[in-house]
Amino acid sequence: MSTKPKIGFYWCASCGGCEESVVDLAEDILMVVGAVDIVFWPCAMDFKKKDVEAMADKSIVAMLINGAIRTSEQEEMAHLLRRKSQVLIAYGSCAHTGGIPSLANQFSREQIMKYVYEDAPTMVNDQKTRPQTHYKDDGRETELPELRNTVRSLDQVVDVDYYIPGCPPPPKLLKDAVVALLSGKLPPKGTVLAPDIAVCQQCKRNDTKPQDISLTEFKRPHQIIADPEKCLLAQGLVCLGPATRGGCDAVCINGNMPCTGCFGPTSRVTDHGAKILSYLASTAAGKEEKEITKTLAGVPDPVGTFYRYGLAKCLLRGKIHATGESNTR
Amino acid sequence: MSKRIGVYICHCGTNIAGMVDVKAVAEYAATLPGVVLGRDYKYMCSDPGQEWIKEDIKDQKLDRVVVAACSPLLHERTFRTAAARGGLNQYYVQMVNIREHDAWVHTDKASATEKAKDLIRAAVYRVALHKPLEKKEVPIKPGVLIVGAGIAGIHAALTLANAGKKVYLVEREPTIGGHMAKFDKTFPTLDCAACILTPKMTSVKNHPNITMWTYSDVTKVDGFVGNYKVTVRRNPRYVIENLCVGCSECINACVYKEGKFPDEFNLGLGKRKPVYLPFPQATPLVALIDPDTCIQLKTGKCKKTCIEACGDRKAIDFEQEAEIKEIEVGTIILATGFKIFDSKRIPYYGYGTYPGVYTALEVERLVNASGPTSGELVMRNGQKPKSVAIVHCVGSRDENTNKYCSRVCCMYSLKLAHLVKERTGAEVYNFYIDMRTPGKGFEEFYSKVAGEGVHMIRGKVADIYPESPGNGSARLVVQAEDTLLNMIRKVPVDMVVLGVGLEAQADANDVRRLFNISCSNDGWFLERHPKLAPVNTFTDGIFIAGCCQGPKDIPDTVAQAGAAAAEALALIDAGSIELEPNTAYIVDTECSGCKTCIPMCPYTAISRNDEKKIAVINEALCKGCGTCVAACPSGAIKQNLFEDEEIFEEINGVLAHV
Amino acid sequence: MSEPTTTFEPRIVAFFCNWCTYTAADLAGVSRMKYAPNIRVIRLMCSGRLDPQFVMTAFAKGADGVLIGGCHPGDCHYVEGNYKTLRRATLLKRMLADLGIVDGRFRLEWISASEGDKVKHVVNDMVEKLRALGPLNMPGKHKDWDKEMEELEEQLQAQEGEACHVH
């Protein structure tokens with residue numbers, strides 16, 4: 001029997017990018033694989049749910065779950081894996097703050113179902129058939145997980161010990177986390193395992209940023225060819241670097257694209273999108289409502305831009321629908 | 001860390017207790033987390049009330065205090081001091097406003113009591129997070145800047161200078177004296193304005209503690225109470241001040257043989273040359289040259305007979321440039337005065353259309369012995385009037401122009417009535433709405449003037465028009481409804497004097513921005529409290545005096561000037577002032593150097609440390625507005641006394657269901 | 001008399017700046033003006049201190065409306081704080097609308113120290129408008145949204161109980 005610590009990876013409502021980031025460890029993966037025993041990894045290995053159920057509670061040292069929680073199956077697995085693990089780590093933006101899937105919280109479940117199964121241009125469904133959670137046919141019963149009304153971050157479902165942020169997290173963060181786990185030198189429970197300071201600190205273009213930015217216009221990335229040496233915000237692009245936790249070495253900016261906020265806020269900020277709004281509006285020029293509105297029109301989708309990776313963690317948690325179209329059953 | 005919070009509910013007599021069930025609230029407060037006692041008392045701000053807090057802190061080992069009473073703007077300091085005397089840091093106190101914001105404005109006892117509970121709960125949640133802050137002490141520099149050298153500025157300057165304080169007196173006109181220097185006689189005693197003013201003007205000039213800068217503007221004000229850095233621009237007279245003796249030889253010798261340009265001091269009624277003295281008693285008695293009309297300054301081609309006449313004194317300097325002076329003072333007094341209402345805004349009074357219509361200030365110059373007509377009341381047409389109408393309330397007490405009463409016009413209109421009658425023997429008609437003569441000797445003055453045969457007509461003038469248009473006759477008809485006789489009167493007169501109201505100076509709004517004070521709705525500088533702090537502003541260290549605060553006569557102006565000087569003296573002699581520690585601070589390790597905060601601060605308190613690549617706040621400059629705190633995208637800036645956590649708890653508190 | 005009232009009483013959280021709006025509210029009190037008791041005022045030194053997070057928190061914790069009071073543009077005691085408030089509030093209004101918080105729930109008003117009557121009118125007007133809009137009740141809504149997890153949670157707890165017995 002192996003005495004190496006057991007770890008596992010699981011994916012919920014995710015794109016698979018986080019799984020790839022593990023692979024991106026490249027040579028370091030050998031170090032990881034050599035030091036731990038992976039007992040559950042649906043993406044890459046053939047362990048089944050019943051294998052996990054058979055494990056003793058808390059026998060998995062660390063479970064890294066990525067993806068947001070959207071279905072009853074994901075909820076169930078989250079609860080199961082929580083029972084079986086000592087340390088549960090929310091891996092990646094979706095598990096950390098809801099991720100891009102949580103932008104679905106702008107729509108009610110009914111709106112989504114209706115669009116997908118009836119109104120979508122490529123859908124042919126004259127009978128308006130909808131998927132059911134239970135279906136009996138010919139004596140045989142099938143089940144599908146229920147699509148919940150609200151997309152949730154992992155900690156809105158189970159108790160989470162640590163967070164590794166990013167969409168996806170840079171391999172370096174994973175490596176550092178594994179090292180910390182193995183050495184037993186973990187920070188206080190609830191810590192996000194990335195520096196608690198904004199991206200600007202790591203950004204090579206910080207020195208080129210003027211001290212007095214006052215924008216009369218915001219531009220979207222496709223509208224300009226950004227100067228590769230200068231601060232992107234100064235060029236009018238909506239760069240969320242100042243409001244976003246660092247630890248990524250400003251990789252997007254180095255790729256000449258503005259930061260979109262995937263690491264989430266620093267620990268001192270409660271509602272990431274609201275703080276981003278405050279910061280961005282503070283850089284806008286204008287003293288009259290008309291001027292200001294014109295400038296801010298350059299941000300066409302505030303919810304999508306400010307809560308791109310974290311609508312689940314918005315204090316409102318999503319869009320409120322007019323009565324008649326509730327977020328509940 | 002469990003807290004020991006004491007909550008005190010004040011009855012304020014029946015002010016609060018009459019609407020809020022104070023006992024129920026005190027009982028409720030005692031059930032809140034961390035609260036060890038909830039008390040109610042008739043007058044918490046009284047000595048026994050404060051003693052109670054002091055004793056409870058010791059006996060009950062309180063580490064936080066919440067006082068629910070009147071507005072913190074009134075008694076926050078009182079209760080903080082009480083707590084401090086009990087040995088508790090004064091910032092461990094939070095006040096709740098259940099009087100001005102609750103008992104006094106609601107009519108349903110149940111709702112008012114619920115509201116009190118909500119607000120107190122919020123304060124209890126908040127105060128648990130308060131930190132032990134210390135007031136910062138800031139020294140007060142002893143110098144004083146006084147802006148405006150009319151009678152208010154002059155009086156304040158002399159008071160302070162006589163007390164041994166250094167005064168900078170800055171005046172934008174080329175002479176001190178303000179409007180008072182233009183008057184002939186002053187009401188009600190008919191003192192000669194120049195006779196009582198010029199000795200004071202001379203004292204100012206000669207006083208060793210006063211630096212008098214005329215023809216100068218304040219261009220920049222930085223700093224805060226006790227430490228103001230002010231930039232003053234001394235505009236070029238093209239005459240060297242300390243060389244000119246005011247002999248007027250240059251004026252006599254000017255290539256212009258006669259005055260040709262409107263004389264500002266005489267409101268355009270007289271003419272002056274490009275080189276001139278504002279008026280014979282101007283202080284300083286130094287000539288100045290108008291660059292818009294002087295041939296030398298405009299074209300460079302003049303015989304410069306003025307320089308020749310000046311001779312060995314060599315006081316004229318066409319190359320003179322503006323001089324920038326920077327001074328450091330601890331306090332500032334604004335005494336920038338007023339302007340008169342522009343009568344052209346009431347076109348049917350005919351000012352500017354009919355030559356026989358004058359403003360009261362113009363008539364002051366006409367009856368003044370050193371005025372354009374040497375004190376003879378001679379009109380533009382060269383004649384003396386045989387009948388004069390004086391119109392009260394021009395621009396004042398009027399929905400269409402200024403709603404307020406300008407306070408001095410009835411008295412000066414009576415004074416002018418007396419002077420006109422005395423000089424010309426003309427029939428004088430005063431058209432008034434009400435006769436406002438409240439001051440000492442004012443009613444008696446009214447009786448005297450009425451007794452001299454001046455006609456008092458109680459009716460607001462509705463129209464002024466030529467008696468026979470096109471006939472060449474210059475007589476005007478003044479039409480008003482006489483409300484005592486109940487008939488429309490149409491009085492033909494030779495001359496109309498408009499009793500113009502007072503208004504804030506045209507650039508009052510720009511000036512007040514420069515000094516960071518406010519204006520009230522009417523445009524006058526805003527006092528901190530209309531009764532209890534009429535010369536203070538909301539900005540510490542800056543005081544206002546005289547008409548810039550609101551229309552008033554000379555006795556009241558002088559009283560306010562003395563009051564402002566006393567306030568400045570109080571600060572200077574105290575030597576230092578304590579500033580509220582509600583400043584913002586940056587946690588170095590949390591700052592990413594994103595520079596978002598730097599342009600947020602209007603006091604330039606935030607700067608960039610290029611070495612550490614972070615932002616740094618100069619605590620001495622921070623005024624505690626918190627704008628940078630809200631802007632900081634990563635929460636690295638916090639505000640003492642208004643931390644995010646404290647406010648979040650307050651929000652939780654007001655909304656938490658009972 | 002003891003019948004529970006069915007009129008909905010909106011709860012408004014207000015953030016007033018110390019120098020202008022808070023003082024105006026004091027003036028309304030001193031002048032004994034009467035207005036609806038639905039408002040709870042939180043004092044800030046300047047409306048520029050208003051962090052949009054406060055507004056989100058207020059709504060999330062149960063406010064039906066949030067009112068911000070600051071000095072008129074150009075009159076800010078701290079020179080320009082209210083312009084920053086205006087910029088933030090303009091964008092926040094849009095974002096709140098996109099999140100389904102309808103117009104009227106979040107309101108920005110410029111009230112100077114001498115405008116006690118404006119405080120009264122704004123509060124009364126806002127209460128009326130919110131009454132018509134009905135309760136927002138975010139805590140209630142969140143509780144409702146989370147009901148869908150209850151069944152599964154109860155099931156799992158029961159299973160866990162069994163499992164504990166087994167071990």
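C:Tyr78 counts as buried, at 3% relative accessibility; buried means under 20% relative accessible area, exposed over 50% and partly exposed in between (1.4 Å probe, protein chains only). The model is predicted, so local features need pLDDT of at least 70 and side-chain atom pairs count only at pLDDT 80 or more, while totals for chains, interfaces and linings use all residues. Residues are numbered from 1 along each chain as its sequence is written, chains are lettered from A in the order in which they are written, and side-chain values use heavy atoms, without hydrogens and water.

**Aromatic pairs**

- Over all chains there are 12 aromatic pairs, where rings of Phe, Tyr and Trp (its six-membered ring) pair if their centres lie within 6.5 Å, and planes under 30 degrees apart count as stacked, over 60 as edge-to-face and the rest as tilted.
- C:Trp19 and C:Tyr78 form an edge-to-face pair, 6.4 Å centre to centre with 70 degrees between the planes.
- This pair links distant parts of the chain, 59 residues apart: C:Trp19 is in helix H1 (residues 18-30) of chain C, and C:Tyr78 is in the loop between strand S3 (65-70) and helix H3 (81-98) of chain C. Helices (H or I, at least four residues) and strands (E, at least two) are DSSP runs, numbered from the N terminus.
- C:Trp19 is also buried, with a relative accessible area of 19%.
- B:Phe648, C:Phe15 and C:Phe54 are linked into a cluster by ring pairs.

**Interface of chain B and chain C**

- The contact (heavy atoms within 4.5 Å) takes 48 residues from chain B and 48 residues from chain C.
- The two chains bury about 4200 Å² between them, 58% of it on carbon and sulfur atoms; buried area is the accessible area (1.4 Å probe) that two parts lose on being put together, summed over both.
- B:His101, B:Trp104 and B:Leu655 supply 15% of the area that chain B buries against chain C, more than any other three residues.
- Three salt bridges are counted between chain B and chain C, each a side-chain nitrogen of Lys or Arg within 4 Å of a carboxyl oxygen of Asp or Glu.
- One salt bridge joins the side chains of B:Asp644 and C:Arg49 (2.8 Å, N to O).
- H17(B) gives the most to the side of chain B that touches chain C, with eight residues.

**C:Glu148**

- C:Glu148 is in helix H5 (residues 138-166) of chain C and is buried, with a relative accessible area of 4%.
- The side chain of C:Glu148 reaches the backbone nitrogen of A:Asn149 at 2.9 Å.

Note on methods: Polar contact = N/O pair within 3.5 Å; in protein donor to acceptor, adjacent residues only side chain to side chain.
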